[in-house]
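Good morning, colleagues. I would ask you to keep the sequence and the structure in view while I speak.

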Amino acid sequence: MSIRINKDNCIGCGGCRQVCPGSLLYADEQGKSEIRYPQDCWGCTSCVKECPVAAIQFYLGADIGGRGGYLYTRREKNYLHWVMVGPDGTETVITIDKHKANAY
Ligand code: SF4
Ligand code: SF4
């Protein structure tokens, strides 16, 4: 599993770099995030949750039936929308109320 960063969307806030437990993310010469050693990403999705502009896509490997699908998040006030894009482009959205996260 690994992530892909859409640098066209990245605003260089650095949030993802602060939360990656493996220190896998770094700033390129433009201040935008890049991943080193993508094979070392263990898929915790912390960076995906942290990104305010949906610039990080988390790929769902064949080992969990992802078949090329991916996840990203969109923020809306107290809500975090997890968007799963399937191999055929269809989207499924799961919305989490961040104030009630322990209820899920
Ligand atoms: S998914 Fe987790 S381990 Fe992988 S790059 Fe993001 S924060 Fe780091
Ligand atoms: S959290 Fe998103 S916008 Fe901020 S540096 Fe990382 S990829 Fe770029």
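This is a predicted model: local features need pLDDT of at least 70, side-chain atom pairs count only at pLDDT 80 or more; totals for chains, interfaces and linings use all residues.

In what order do its strands lie? The sheet is open and has 5 strands, in the order β1-β4-β5-β6-β7, with antiparallel pairing. Its edges are formed by β1, residues 2-5, and by β7, each of which pairs on one side only. On average, and with direction ignored, neighbouring strands of this sheet are turned by 25 degrees against each other.

β1 and β4, the latter covering residues 56-59, run antiparallel and are joined by 4 bridges. Within this pair, arginine 4 has glutamine 57 in β4 as its bridge partner.

How many bridges join β5 to β6? There are 7 bridges between these two strands, which again run antiparallel. Glutamate 76 is partnered by tyrosine 79 in β6. The hairpin of β5 and β6 has 2 residues between the strands, and lysine 77 in this hairpin takes a positive phi near 50 degrees.

β6, residues 79-85, and β7, residues 91-97, are antiparallel and are joined by 7 bridges. Methionine 84 stands opposite threonine 92 in β7. The hairpin of β6 and β7 has 5 residues between the strands, and glycine 89 there has a positive phi near 90 degrees.

Serine 23 belongs to the loop between α1, residues 15-19, and β2, residues 25-27. Its phi is near 50 degrees, which is a positive value in a residue other than glycine. Alanine 54 lies in the loop between α2, residues 46-50, and β4. The phi of alanine 54, near 55 degrees, is likewise a positive value in a residue other than glycine.

I turn now to the cavities and the ligands. In general terms, a probe the size of a water molecule, rolled over the atoms, shows where empty space is left. For this model, calculated over the protein atoms alone, the count comes to 2 cavities of 30 Å³ or more.

Which ligand takes up the space of the largest cavity? That space is taken by ligand 1. The volume of the largest cavity is about 120 Å³. It is lined by 15 residues, and Cys20, Leu24, Cys41, Cys44 and Cys47 lie nearest its centre. By class, this lining comprises 11 nonpolar and 4 polar residues, with no charged residues.

As for the ligand itself, the residues surrounding ligand 1 are Ile3, Cys20, Pro21, Ile35, Cys41, Trp42, Gly43, Cys44, Thr45, Ser46 and Cys47. This shell divides into 8 nonpolar and 3 polar residues, and none is charged.

The second largest cavity has a volume of about 90 Å³. It is lined by 13 residues, and those closest to its centre are Cys10, Cys13, Cys16, Ser33 and Cys51. This lining holds 10 nonpolar and 3 polar residues, and no charged ones.

The space of the second largest cavity is taken by ligand 2. Around ligand 2 we find Cys10, Ile11, Gly12, Cys13, Gly14, Cys16, Arg17, Ser33, Cys51, Pro52, Val53 and Ile56. By class, the shell has 8 nonpolar, 3 polar and 1 charged residues.

To close, I return to two points. The sheet is open, with β1 and β7 as its edge strands. Thank you for your attention.

Key. Residues are numbered from 1 along each chain as its sequence is written. Chains are lettered from A and ligands numbered from 1 in the order in which they are written. Side-chain values use heavy atoms; hydrogens and water are left out. Two strands pair if DSSP finds at least two bridges between them. A residue is near a molecule or strand if one of its heavy atoms lies within 4 Å of it. On a 1 Å grid over the protein atoms alone, a cavity is a set of points where a 1.4 Å probe fits but cannot get out, and a pocket is an open set with protein on both sides within 12 Å along at least five of seven lines; lining residues have an atom within 4 Å of a point. A molecule sits in a cavity or pocket if more than half of its atoms lie within 2 Å of its grid points. Ala, Val, Leu, Ile, Met, Phe, Trp, Tyr, Cys and Pro count as nonpolar, Asp, Glu, Lys and Arg as charged, and the others, Gly among them, as polar. Axes are lines fitted to C-alpha atoms, for helices over the stretch in contact, and angles run from 0 to 180 degrees between N-to-C directions. Grid points are joined across faces, edges and corners, and a volume is the space filled by probe spheres set on the points.
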